Amino acid sequence: MQRASSSTLAALFALMMLAPVASAGSAVGLYEKISLSDQDLGLTGASVDPLGEWAIVFGAESYLELVSTSDPEDRVELVWNGEEDLAYGDFHPGGQTALIVGSEGQVLRYARSDHSVTDAGGDLEFGQISLTSVTWNSGGSWAYVGGTDGWLWRMRAAADGGAEVHPIQGRGSSDVTGMDCHPSVMACVVTSLVDGIGVIDRDHNLHWLGGVGHPWSDVVCPTIESAICVAVSHDRTIATVTLDAELAATSEVSLVQVTGTEGYFTGISRQSGDRSLIMLAPFSLIEHDLSLNSSYPWLENSDVVEYDAGVSNSRVVATWGTDRDSGWILTDRGDVVRYHPPLSNSLGGVLEVWVLIAIPAVTILVILSFALGLSPGLQRRFTLRFGTAEEKRAARREVRRRKGR
């Protein structure tokens, strides 16, 4: 009876070793959550400095705060006594200043040296137009500002402390929803709600490239190595914008519709290298790999619901990476949630080696167990060699008993 039990247990253990391991559908898991406030902050986004060390978080009623990208508990309060809703921000390539734009023509300037926030003089030039986006060109000599109804300007600080502002000719008629300048090519990509995707060349001329009719939500130029930017639209269309470094007007746009996913695309942000994260509502993320020109599920909504129902009911407004597959997610309510691959994934290499060793070992154990059960003589010899002291004494008594027959 004991021999049969041992054989059965060994066989069951072998079958367990051969069974697949169940895992969640997401490539990353959600872990630590930090709340910037007990109240719903109504955040709209964040801008990360060129070194990836700090992010300016902004939102409703001129909310501003500087947050460490590695530890969001480390924060600096930024004071601005305004009531405008801030919509978009961008750091200067030098990393020492940033512009943040919002409703009623508001343009704010943040200075890293003393963490001050001042009026950049934009409201005098932009009137009451709601500003929706801002980006610096690669040299940092000009910032481009977009607004509702297709308004576009270029601006820079003036000698009198105000701002030098010039309108961009050839603008569309629908809201500018996003802008980003390539880090090495003198060209900036513009997305709009209806007018499609355009590019601003080194001479500040706007050229519309295509994608008309899609409700584009944002654009990012993720890497210096490739002259390509990626835009996303609410209807789950991804645009690859291939920039012509010599003649921006001949840049090309190719579109692809993402299927097999629910929700709509609300934005896109850099992750690592040429990889970006597409933000969706309801709360989920998709990875876009520029080198492969492919998109993959990254964080499933069902896993967010399981993590925290309150978080799943909020909206992703920004993400930033701290490593290749790790980083933080910022929600409109003001929660910052850490993501990284599940711990089981990080141990994958060790587990794979262990499984490769364990499976043959268990197989041998099962075969040996069955052999011992079929051959009493072999079992006694095995016990005399490997058994406990008590088992060896019992085996010797059994040998003497059989010899005395």
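How many aromatic pairs does the count come to? Here are some notes on this predicted model, starting with that one.

1. The count comes to 4 aromatic pairs. Take Phe91 and Tyr110 to begin with: their ring centres sit 6.2 Å apart and their planes meet at 85°, so this pair is edge-to-face. It ties together distant parts of the chain, since Phe91 belongs to strand 6 (residues 86–91) and Tyr110 to strand 8 (residues 107–111), 19 residues apart. Phe91 is buried, at a relative accessible area of 5%, and Tyr110 is buried too, at 0%.

2. Now look at Trp151 and Trp153. With ring centres 5.5 Å apart and planes at 10°, the pair is stacked. Is Trp153 buried or exposed? Its relative accessible area is 5%, so Trp153 is buried. Trp151 has 29%, which makes it partly exposed. Together with Phe126, Trp151 and Trp153 make up one aromatic cluster.

3. Strand 19, covering residues 228–233, is worth a visit. It is mostly covered, with 6 of its 6 residues buried. Ile228, Val230 and Val232 point one way, while Cys229, Ala231 and Ser233 point the other way, and all of them are buried.

4. What does strand 19 pair with? On one hand there is strand 18 (residues 216–220), paired with strand 19 in the antiparallel sense over 4 bridges; here Asp218 stands opposite Val232. Then there is strand 20 (residues 237–242), also running antiparallel to strand 19 and joined to it by 5 bridges. In that pairing, Cys229 stands opposite Val241. The hairpin of strands 19 and 20 has 3 residues between the strands, and Arg236 takes a positive phi near 65° there.

5. You will find it in strand 15, residues 188–192. Why does Thr191 count as buried? Because its relative accessibility is 0%, and the cut-off for buried is under 20%. Beyond its neighbours within four places in sequence, Thr191 has contacts that include Asp175, Val176, Thr177, Gly178, Gly196 and Ile197. Trp216, Ser217, Asp218 and Val219 are also among them, as is Ala231. Asp218 has come up already, as the residue opposite Val232, and Ala231 is one of the buried residues of strand 19.

6. Further along, there is an open sheet of 4 strands in the order 22-23-24-25, with antiparallel pairing. Its edge strands are strand 22 (264–272) and strand 25 (294–299), each pairing on one side only. Neighbouring strands in this sheet are turned by 30° against each other on average, ignoring direction. Strand 24 (residues 284–289) and strand 25 run antiparallel and are joined by 5 bridges, with Leu285 and Leu299 as bridge partners.

7. Stepping back to the whole protein, there are 8 helices and 28 strands. Of its 405 residues, 46% are buried. Among contacts with a separation of 6 or more, 46% are between residues 24 or more positions apart. The accessible surface comes to about 20,000 Å², and carbon and sulfur atoms hold 54% of that.

8. A word on confidence. Mean pLDDT is 85, and 78% of residues reach 70 or more. Where does pLDDT stay under 50? One stretch is residues 1–24, for which the model has 19 contacts beyond four places in sequence. Another is residues 346–359, with 7 such contacts. Where pLDDT is low, the predicted coordinates should not be read in detail.

Terms used: Residues numbered from 1 in each chain as written. Predicted model: local features only at pLDDT ≥ 70, side-chain atom pairs only at ≥ 80, totals over all residues. Heavy atoms only, no water. Buried < 20%, exposed > 50% of the residue type's maximum accessible area, 1.4 Å probe, protein only. Helix = DSSP H or I, 4+ residues; strand = E, 2+ residues; numbered from the N terminus. Pairing = 2+ DSSP bridges. Contact = heavy atoms within 4.5 Å. Axes fitted to C-alpha atoms, helices over the stretch in contact; angles between N-to-C directions. Areas by Shrake-Rupley, 256 points an atom, 1.4 Å probe, with all protein chains shown as cover. pLDDT = per-residue confidence, 0-100. Phe/Tyr/Trp six-rings, centres within 6.5 Å; stacked < 30°, edge-to-face > 60°.
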